[in-house]
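Thanks for coming. I have one protein chain to show you, and I will go through it piece by piece. Please look at the sequence and the structure while I talk.

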Amino acid sequence: MTDYHCHLLPCIDDGPSSVNESIEMARLLCQAGYHMVYCTPHLIKGLYEADNDTIKNAVNDLQKEIDQEGITLKLLCGREYFLDNNLKDYMNDLMPLENTSYLLIEIPPHTYPGMVQDSLSAILRQNLTPVIAHPERCELFHELQIADPPRKKSRLKHLFNRSSSDFQTAVNAEDGDNKLLKWLVEKRCGFQSNLPSFNGAYGEQIQTAAQYLKSLGIYTHAGTDAHSAESLKKLFGLNPE
């Protein structure tokens, strides 16, 4: 298995504060069946601003540490980009998930759809594919859970059929649904689910949103979004102390 979203690197963002905790997290991921983990620290201007070289060096250093511990986990570079007005400052040096064209994007609360479309269009012009981190936590998509869910679910399932020959027709026909979500699907963006969302770790509303989006077949990637060994123990049912 591959974890596409994990805050595994020590002392980079709000993840582990020591190498020892990163090693413990790596061991837990390995025991849970993961073989590869994308290290995706936050990039938020004014808060977490480590540059790309720092991330690459941190991944290499941690890989050496876990190799010495006999933990068979491959670490790969990545970032979680915060979609705000400062994202434009990083457009000339973006770091996609290693060996892919995927760029992990977090849409913050109180963002309006036009800003999302403008920012992601700039990314798409660089031949990169935005992957929306934990869309179930994004308020812009919560309006999908409205009246008449069986009929809406049926219509949206057709929309999310990416191999459909009449994809554009489906997009244009469904004006009553979430227009931003349709736009993202039309642009072939990816969507990454947070596994703890399904366990209710972020509350009932987000759990319901995750289950609903999963039922639509929207998710293309999955991640733990783990920030600590404790969070992994909870996720894997190990009853942390």
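Before the details, a word on terms: helices and strands here are DSSP runs, a helix having at least four residues and a strand at least two, and they are numbered from the N terminus. Also, this is a predicted model.

With those terms, the protein chain has nine helices and nine strands. It is 241 residues long, and 51% of them count as buried. The accessible surface comes to about 11,400 Å², with 46% of that belonging to carbon and sulfur atoms. If we take contacts between residues at least 6 apart in sequence, 73% of them join residues at least 24 apart.

Now the sheet. Strands of a sheet pair through backbone hydrogen bonds, either parallel or antiparallel. Which of the two do we have here, parallel or antiparallel? The pairing is parallel, in an open sheet of six strands ordered β3-β5-β6-β7-β8-β9. β3, residues 42-43, and β9, residues 221-223, are at the edges with a single partner strand each, so one side of each has no neighbour in the sheet. Inside that order, β5 (residues 80-82) and β6 (residues 102-106) run parallel and are joined by three bridges. For F82, the bridge partner in β6 is E106.

The axes of α1, residues 19-31, and α2, residues 52-68, come within 10 Å and cross at roughly 65°. On the α1 side the contact uses V19, S22, I23 and A26, and on the α2 side L62, E65 and I66. By type, these residues are five nonpolar, one polar and one charged. The crossing is right-handed.

Is helix α6 mostly covered or mostly exposed? It is mostly covered: of the eight residues in α6, residues 179-186, six are buried. Those are L180, L181, K182, W183, L184 and V185. Just after α6 comes R188, with a positive phi of about 60°.

That brings me to backbone angles. Most residues other than glycine have a negative phi. Two further residues to look at are in loops. N99, not a glycine, has a positive phi of about 65°. N99 sits in the loop between β5 and β6, and it is exposed, with a relative accessible area of 71%. H110 also has a positive phi, near 65°. H110 is found in the loop between β6 and α3, and is exposed as well, at a relative accessible area of 76%.

That is what I have.

Note on methods: Residues numbered from 1 in each chain as written. Predicted model: local features only at pLDDT ≥ 70, side-chain atom pairs only at ≥ 80, totals over all residues. Heavy atoms only, no water. Pairing = 2+ DSSP bridges. Buried < 20%, exposed > 50% of the residue type's maximum accessible area, 1.4 Å probe, protein only. Contact = heavy atoms within 4.5 Å. Areas by Shrake-Rupley, 256 points an atom, 1.4 Å probe, with all protein chains shown as cover. Axes fitted to C-alpha atoms, helices over the stretch in contact; angles between N-to-C directions. Left-handed = near helix turned anticlockwise from the far one by under 90°. Nonpolar A, V, L, I, M, F, W, Y, C, P; charged D, E, K, R; others polar.
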